[in-house]
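Here is a friendly walk through one structure, written for someone who likes cut-offs stated next to the values.

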Amino acid sequence: MSNHNEKYEKLAEVIKAHKEQKGALMPVLQEAQNIFGCVSEDVQKIIAEGLGVTLSEVYGVATFYSQFSLQPKGQYVAGVCLGTACYVKNSQKVLDKLCSELGIQPGQTTADGLFTVQATRCLGACGLAPVMMINDDVYGRLTEAEVPAIIAKYKAS
Amino acid sequence: MDLFRAHVLVCGGTGCTSSGSAELIARFEEQIAKNGLDKEVKVIRTGCFGLCEAGPVVIVYPEGTFYSRIRVEDVDEIVSEHLLKGRTVQHLVYKEKAAEEEQHATLENIDFYRPQMRLALRNCGVIDPENIDEYIAFDGYKALAKVLTEWKPEDVIKEMIDSGLRGRGGGGFPTGKKWQFAAASKADQKYIICNADEGDPGAFMDRSILEGDPHSVIEAMAIGGYAIGATEGYVYVRAEYPIAVKRLQLAIDQAREYGLLGKNIFGSGFDFDMYIRLGAGAFVCGEETALMRSIEGGRGEPTPKPPFPAVRGLFDKPSNINNVETYANIPLIINKGADWFKSIGTPGNSGTKVFALGGKINNTGLVEVPMGTPLRDVIYKIGGGIPNGKAFKAVQTGGPSGGCIPAEHLDIAIDYDSLTSIGSMMGSGGMIVMDEDNCMVDIARFFLDFTVDESCGKCTPCRIGTKRMLEILERITEGKGEEGDIEKLEALANNIKSTALCGLGQTAPNPVLSTLKYFRSEYEAHIKEKRCPAHHCQKLLNYEITDKCRGCTACARVCPVNAITGSVKEMHHIDTTKCIKCGSCMEKCRFGAIVKN
Ligand SMILES: Cc1cc2nc3c(=O)[nH]c(=O)nc-3n(C[C@H](O)[C@H](O)[C@H](O)COP(=O)(O)O)c2cc1C
Ligand code: SF4
Ligand code: SF4
Ligand code: FES
C-alpha cells in the first residue's frame, strides 16, 4: 500500500515540476509511464487535473503514441524487431515462433502476467539482425529454433 | 592531462553494447590495473566505429590494431600480450571475409574503411563522447567561436548557401536557403530544432552521431541559432535511443558548464540554450510539422504547408528544423570553408552521405562516402558483397518512402537526383540489401504494413488508400491474387501520391511502384501462376519429399497436421491438401530430402 502511495506522490511531484513548462503533457505522460508501467485512466485523470487540460486531450495524446500503454505489461516484455534489416533476415519467423510458444498474439500478455510480446521497429542493432529484446537483454543473430530455450530461461527464473 | 602510452578504444555504440561491450570495458580496466598498467594505458568508451558486423570492436592505439568480435575471455590475452609485451594477438585481429591470409590489422587498410570519407562521422569511434575536452581537442567549438566573434549572421548564411549543403533528413533541401527564410522572419522569439526522430526502420546514422559525437550537433545548433536569430533550441529524439539521449544530455550539461551554452557566449552578447524532447513511437512525428506539434505536447499530426516553419513553426514562432547529420557537417564547413566542402561530391550534391548498410550483406554497419560514389562500390567494396554465395537481387533505399533498386542500376552514382530518377530516393540513409531469397512482393507488403500502422489517420487517401493497397498485396502473397490487381494497385498508388496531406502518405506507394517497375514478373507469377519465385511466401509453397528420403520418420512425427505418411525405411509422402506449409518437416529432415517449390 505504501508503495502504491509513493507512486502517486511521485506523480504529483512530476506534475509540479513540469507544470509551467511549454508542452508539458508528453514529458509528464512519459514519466508517469515509467512510474506506473502504464498510463491507466485514473493516472490520466490526475494528469489532466494537475496540468489544467481536459481528460480527452490527455487521452488523445496517450492513445496517439505507441509507446504509451493503457494496460499494464507483463513482467518480461519480449520485443522482436520487425525493422527492415531484421525483416529481410526472417525476423517474422522468430516472432511467429515466440507467439506460438506463448500462445498469444503480438501486443498481448500471457494470462499469468509473465510475458508481453511486441513487434518493434529497428532496435538499432541491425548488425546483429534478426534481433529480439527481452527487457534489457538483447538476443542477436537469432533463429526461430533458439526461441523455446530462451523463453524457458525466463520461466525458470 | 595525463600522458598515456597506449589507448584501448572500445565501441560503446548501441550495436556493440548489445553484443556486450560494457563487460569488456570493465574487464579491461580490471586487468590493466592488475598488471600495473593503469598509469600507462587508458580505456576509452567511444561511439560507433561503423563496422557493427564485427562487434564488439576494440582498437588499440598507437598501432591502431583492429580487434573484432571480442569476448570477455579474450581481454586477458590482449592485456598480457599486446599491452604488456607489445605483441599483436593475431587470432583476434579482424579479418576481411575475402582476405586469404592475415594481413591487415589497422583501420586504414581495411577494405570496409578505405573507400570511405568520414566527415559527419569524423569523431565517432575516435573520441570519448562523454568528455567535452576530447571534442575540443579535435577543433570542437572552434567554428562557433569563429562565427560569434568574427562573422555576422548574414556571413554564416552565405557560407552555408555557398557550400551547397543539402538536408540529410531525406528531402535534400538546401540548408542555407532554409536558414535565410527563417532569418528573414521577424519575431520576438524564434526556435531552432534538430530532428533526431530517425523513423526509417533499419537506419541508425543519426543515433550513432548523437552517441559518438553529440557536441557537433550542439555546436551546429548554436551556429544556426546565431544565423537565424534563435536563442532556444530543441532536439527531438526517438524514445528508443536511451544511450543517445543520455550522452546528449551529458554533453548539453558540460557545454553549459563551459559557458558554450547559456548567456553571452564567447563574450559576444549571443545567448543560446537547448533542451531535449523525447518522441513516443510515432513515425509520422519525423515529419517536421508533426514533430513541432509533438514538442508542443499534442498529438503528432501534420499540418498543411504553408505556413512553412520558417514563418510559423514551433509555438507559432518562426522555426528552423534540420536533421542530425545535416548539423554534424556544419562545424566542418565553417572551419574548412564552403569551397572545400563543395569540392567533395558531385555538382549540386556537395559533401558525403552516411548510410546504414544492412540486410543480406557481409559487412553491416555505418558507411560514409562522397556523393557520387557508385552504388556497386558501396555494396561490394565496402559491404563485402552478399553472404552465403547468394545472388544480389535489390537494394532498398529511402525506407518506407523509397524504392528497390535492381542489379541493372548498380553502377549508378549515388546522389539525391540520381536515386530519384530511378524511382527510389536518398531518404535518410537506410540501405538494405536483398538477395535471391527475398520476395519483392512481400517486401512491398512489408512497407505498406508499416505505413498503414503509422498513418496518423488525419487524411483519407493515406488512412483508407494505403489500407486498400495492403489488402491487395496480402491477397497476392497468399495466393489469392486476381487479374487486374496490378492495375488497381497502380491506380490507388497514383491517387494517394497526389492527394495525401503529408510526405508519409505521398511517398507511401513508392515501395510498390518501384517493385512493380523492376520486378513486375514476380507479381505476375504470384497472381497468375500462384507461385513465389523466391520461395518465400509460405502459402504459395509446396513441400515435397524427394528420393533422398531414407524413411527415418522424423518428418512424419513433427508434422502438426499428420500430412506425412510412409512406413519406416520407405520413402515418405506429403499430402498437399492437408499440409499447412509450416516448414517443420524440412527443418527436421537430416538428409535434405524435403524441398519446397
Ligand atoms: C513521414 C515523414 C517522416 C520523416 N522522418 C524524418 C526523420 O526521421 N528524420 C529526419 O531528419 N527527417 C525526417 N523527415 C523529413 C523532415 O520532415 C524534414 O524535412 C527534415 O527534418 C528537415 O531537415 P533537413 O533539411 O536537414 O533534412 C520525415 C518526413 C516525413 C514526411
Ligand atoms: S498523409 Fe497519412 S500521415 Fe500524413 S497527414 Fe495524411 S493520414 Fe496523416
Ligand atoms: S510443411 Fe508442415 S504441415 Fe506440411 S508436411 Fe511439413 S510438417 Fe506437415
Ligand atoms: S532493423 Fe532490427 S535492429 Fe535495426
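## Aromatic pairs

Rings of Phe, Tyr and Trp (its six-membered ring) are taken as a pair if their centres lie within 6.5 Å, with planes under 30 degrees apart counted as stacked, over 60 as edge-to-face and the rest as tilted. With that rule, a search of the whole structure gives 19 aromatic pairs over all chains. One of them joins Phe283(B) and Phe450(B) edge-to-face, at 4.9 Å centre to centre and with 75 degrees between the planes. This pair links distant parts of the chain: Phe283(B) lies in the loop between β8 (270-278) and α11 (288-295) of chain B, while Phe450(B), 167 residues apart from it, belongs to helix α16 (residues 440-454) of chain B. Helices (H or I, at least four residues) and strands (E, at least two) are DSSP runs, numbered from the N terminus.

Elsewhere, Phe66(B), Tyr94(B), Phe112(B) and Tyr113(B) make up one aromatic cluster.

## How to read the values

This is a predicted model, in which local features need pLDDT of at least 70 and side-chain atom pairs count only at pLDDT 80 or more, whereas totals for chains, interfaces and linings use all residues. Residues are numbered from 1 along each chain as its sequence is written, chains are lettered from A and ligands numbered from 1 in the order in which they are written, and side-chain values use heavy atoms, leaving out hydrogens and water.

## Strand β1 and its partners

Strand β1 (residues 6-11) of chain B has five of its six residues buried, so it is largely enclosed by the rest of the structure. Strands pair if DSSP finds at least two bridges between them. β1(B) runs parallel to strand β2 (residues 41-46) of chain B over six bridges, with Lys42(B) in β2(B) as the bridge partner of His7(B). To strand β3 (residues 58-61) of chain B, β1(B) is joined by four bridges in the antiparallel sense; there, Val8(B) has Val60(B) as its bridge partner.

## A five-stranded sheet

Chain B also holds an open sheet of five strands, ordered β13-β12-β16-β14-β15, with mixed pairing. At the edges stand β13 (365-370) and β15 (403-406) of chain B, each with a single partner strand, so one side of each is left without a neighbour in the sheet. Strand β14 (residues 392-397) of chain B pairs with β15(B) in the antiparallel sense over four bridges, and Gln396(B) stands opposite Cys404(B) in β15(B).

## Domains

An automatic or database domain assignment sets the bounds. For chain B it gives domain 1 (6-92), domain 2 (132-342), domain 3 (346-435), domain 4 (440-528) and domain 5 (541-596). The centres of domain 2 and domain 5 of chain B, taken over C-alpha atoms, are separated by 59 Å.

## Ligand surroundings

Which residues are closest to ligand 2? Of the 13 residues that surround ligand 2 (a heavy atom within 4 Å), the closest are Cys456(B), Lys458(B), Cys459(B), Cys462(B) and Cys502(B). Ligand 3 has a shell that includes Tyr543(B), Cys559(B), Cys579(B), Lys581(B), Cys582(B) and Cys585(B).

Note on methods
Buried < 20%, exposed > 50% of the residue type's maximum accessible area, 1.4 Å probe, protein only.
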